[in-house]
Structure formats: structure tokens, C-alpha cells
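Subject: Structure for you to look at

Hello,

Here is the structure I said I would pass on. Please open it next to the notes below.

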Amino acid sequence: MTRRTPQGENRFAPRRPRRSGRYALRLASLAAVLGAWQLLAGLKVDLWLRFSQFPTVTDVARTFADRLSGPDYWTDLTDSLTRILTGFLLAAVLGVATGVLVARSRLAEDLLGPVLEVIRPIPAIALVPVAILLFPSNEQGIVFITCTAAFFPVLVSTRHAVRALTPVWEEAVLTMGGGRWRILGSVVLPGALPGIFGGLSVGIGVSWICVISAEMISGQYGVGYRTWQDYTVVNYAGVFVGMITIGVLGWVTSTAVELLGRRLTRWLPRTSYLPGARTPRPARGAAAAAQVSPTTKEEAPHDQLV
């Protein structure tokens, strides 16, 4: 879509999609998935995929309503959120501090780097036996697993973000008489914030995966524990209630981290790219010559206008 300026020049003006239309499209896609689920499970379709044992959408909704009216669901929700927030906050503080230290100090990189790189590939869920042996209670072990899961994404993102900073900023602070702490507070941390929040966004998702797995193995309460109990008693509708709860909680917490990151980095320039908008193409031939201003035509050499 183009618009004409007062000077008669064509300018591309991408039309912004209406917010209501985008929400309607998202709701339609969700309704299509739920409708297909209800149809396949209701008809008990068994082709390459087997839907005969699947609960229908109505069965899951009925079980969900029953859980919401009872106290156990909210107790499990509170326990899982408490474990996630405790472990994630510890991982955020330790991951950012360690990442900055390793990126800024060669001594710290030589001392901590090999140990961290050996531990980093180990899945956090594999540390469940270690947590059981180290900590006197299952609650502390679950928090430890959650913290470990989020620690390494935050550490790696922070380290790369700090190393990617341009040295010109640091030199400018040194020129004005600033010391190490001034550089850290006014250059390193603000400049690395986008990368740090990228790691935090990844870390909160990994934390949910690991805390649910840890609750299934060694927990007594929580969404993961309840989901595993439903599976052992062949209550598949309850299993899907737990899965949906985990998905919604993960989406809400990751969205909160992203919104906080945007708030703290609002000084960054935002892209004006719009999905689905047409990108203006450069003019060619006679159209390019027609868009050149009269002044440019008079001042430019003849071979540049051909």
C-alpha cells in the first residue's frame, strides 16, 4: 500500500494490522486445535497415531473445573511457584555475577571456566540423586535442581553479552576518571542487559521443565507430583490438566521476564518491522530517475542520471 506525499513522491506506508484482527486469528487457531482434538478423541481414531485412549476436551474441562473447586490444586500451584521463584532468583543473581566475573577476569576464567564447562552439559534432572544425598529435605533439593537448570543459560548469555561490548564505552569512562565500579555500573551491566534477559527468558523455561521432573521423582506436593500421581492411577484427564497448568504457568512467567526486560531496556531503539508488511523495493530505471529531486538532477553528472 502506498501513499502520495505533497511533493508527488510515492512512499511506502505499511498498514498496521488491527489488534482485534490478530487476536481473532489467534483465537481461531486455538479453536481449530481444540476442535481437532475433540473430534479425533471423540471418534477414537486409530491410524498411525492412536487417539482411542485420549480424553476429550470436554473430559479435561470437566476435570479442570473439579480441580479448581478443591484445595489441593491451589496448594500444588503455590508450592511449584515457590520452588520456581526461589531457584530462579538464586540462579539469576549467581548466573549474572559469575558471567560478569568470568568475562572480565582472566584469573576467574582459568579457575572457574573448566569446572563450569564440565558441569554445564549434565542435565539438571540427572542431579536428582546428588540433591537427595546432599540436602536434608526434598524441598531444598528441588530448589537446587531448579537453580542449576536456570544458572547455566544465564551464565552463558551474560558472558557473551559482556564480551560483545565495544571497548570504546569503557575507554570513555576511563578518560573521564571513572574506576572499575563505575565501568561496571554504567557500561557493563547496562550494555549487557539485553543479553542477560535473553538468558533469563531461556532459564525460566528450563526451570519449569526441571522442577516438574524433580517433583515427579522426589516431591510430595506440586503440579509435577500431582501429574505423576494421575498417571499412576490412569487418570489421563488429570494428566492433561497438569500439562495445561504447566504450559500456562511457563507462558505467564516467561512473559513476565520479557516484559521486565523491555521495561529495563526501554532506552534501546526498537525495530519498526511489522510482520506481513510489504518492504519497499528500490526504484529502477525511469522510476528511479523520476524520484530524483530537480536540484540533484542539476548537480549530478550526466552519467549518474542515465
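What follows covers a helix, a nonpolar core and a pocket.

Please keep in mind that this is a predicted model.

Helix α1. Just after α1, Lys 44 has a positive phi of about 55°.

Nonpolar core. The largest nonpolar core holds 49 residues, and Ile 145, Leu 200 and Trp 208 are the ones that touch the most other members. The biggest share is from α8, which gives 14 residues. Leaving aside residues up to four places away in sequence, Ile 145 touches Ala 124, Val 128, Ala 131, Cys 210 and Ala 214. As background, nonpolar side chains in soluble globular proteins tend to be buried together.

Second largest pocket. The volume of this pocket is about 310 Å³. At least two lining residues come from each of α3 (71-104) and α8 (180-218). Here too α8 gives the most, with five residues. By type, the lining has seven nonpolar residues, one polar and three charged. To find the place in the viewer, select lining residues including Ala 97, Leu 101, Arg 104, Glu 170, Arg 180, Trp 181 and Val 188.

Regards

How values were computed:
Residues are numbered from 1 along each chain as its sequence is written. This is a predicted model: local features need pLDDT of at least 70, side-chain atom pairs count only at pLDDT 80 or more; totals for chains, interfaces and linings use all residues. Side-chain values use heavy atoms; hydrogens and water are left out. On a 1 Å grid over the protein atoms alone, a cavity is a set of points where a 1.4 Å probe fits but cannot get out, and a pocket is an open set with protein on both sides within 12 Å along at least five of seven lines; lining residues have an atom within 4 Å of a point. Grid points are joined across faces, edges and corners, and a volume is the space filled by probe spheres set on the points. Helices (H or I, at least four residues) and strands (E, at least two) are DSSP runs, numbered from the N terminus. Ala, Val, Leu, Ile, Met, Phe, Trp, Tyr, Cys and Pro count as nonpolar, Asp, Glu, Lys and Arg as charged, and the others, Gly among them, as polar. A nonpolar core is a set of buried Ala, Val, Leu, Ile, Met, Phe, Trp, Tyr and Cys residues joined through side-chain atoms within 4.5 Å. Buried means under 20% relative accessible area, exposed over 50%, partly exposed in between (1.4 Å probe, protein chains only). Contact means heavy atoms within 4.5 Å.
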